[in-house]
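Please open the structure in your viewer and keep the sequence panel beside it. The tour below moves from one selection to the next and says what is found at each stop.

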Amino acid sequence: MEETAPEGGMSAEVTRSLSAVWKRYSATRPTNVETEIDGSKVRCVLRGAVGDFELGMSEQAEADGARDMTSYRRDASAAVSRATHRRVLAFISKHDADTDTATEVFVLDRETRFAPMGTDGWIAR
């Protein structure tokens, strides 16, 4: 997987975290991930795995229904929150099967008022 974010830092952490979540839902990592953080917005462009993601989601739904877009949204938001130490206020996801590209946009709380506690809870700072 090619990463355009620097080796360390928040962008690289978001890239690694979101790629890991993607792999849990599709069984393959994207071939390329670009992460850009601009103030309270995080944009990730994932290439080369949309088909696998859609297939993985449909197979999971047939098998046990445990993974769906709602759980993916929750897990992806939690991963970005952990990496940025900021609460995700909104998540916009667009998958284009024709170009095999997914764009995931996260809108973060402006201030670091909360710290992640596991994947479901928050503690005030």
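Begin by selecting E13 and R16, which both lie in helix 1 (residues 10-26) and are three residues apart, about one turn of the helix. Helices here are DSSP runs of H or I with at least four residues, strands are runs of E with at least two, and both are numbered from the N terminus. The side chains of E13 and R16 meet in a salt bridge, with 3.3 Å from N to O; the term stands for a side-chain nitrogen of Lys or Arg within 4 Å of a carboxyl oxygen of Asp or Glu. E13 is partly exposed at a relative accessible area of 31%, and R16 is partly exposed at 34%, where buried means under 20% relative accessible area, exposed means over 50%, and partly exposed lies in between (1.4 Å probe, protein chains only).

Before going further, note that this is a predicted model, in which local features need pLDDT of at least 70 and side-chain atom pairs count only at pLDDT 80 or more, while totals for chains, interfaces and linings use all residues. Residues are numbered from 1 along each chain as its sequence is written, and side-chain values use heavy atoms, with hydrogens and water left out.

Next, select R47 and E34, which form a salt bridge whose closest N and O atoms are 2.8 Å apart. This pair links distant parts of the chain, since R47 sits in strand 3 (residues 41-47) and E34 in strand 2 (residues 32-38), 13 residues apart. R47 is partly exposed, with a relative accessible area of 31%, and E34 also counts as partly exposed, at 28%.

Now move to helix 3 (residues 69-84), whose 16 residues reach 22 Å from the first C-alpha to the last, close to the expected 22 Å; that expectation is 1.5 Å times one less than the number of residues. Which residues of helix 3 are buried? They are S71, Y72, D75, A76, S77, A78, A79, V80, S81, A83 and T84.

R74 is partly exposed, with a relative accessible area of 47%, whereas D75 is buried at 19%. By the rule given above, the count comes to five salt bridges.

Just after helix 3, select H85, which takes a positive phi of about 60 degrees and is a residue other than glycine. H85 lies in the loop between helix 3 and strand 4 (88-96), and it is partly exposed, with a relative accessible area of 38%.

Continue to D100, which has a positive phi of about 55 degrees although it is not a glycine. D100 lies in the loop between strand 4 and strand 5 (101-108), and it counts as partly exposed at 27% relative accessibility.

Finally, zoom out to the whole chain. How many helices and strands does the protein chain have? There are three helices and seven strands, and from the N terminus on the elements run β-α-β-β-α-α-β-β-β-β. Buried residues make up 39% of the 125 residues in the protein chain. Of the contacts (heavy atoms within 4.5 Å) with a separation of 6 or more, 54% are between residues 24 or more positions apart.
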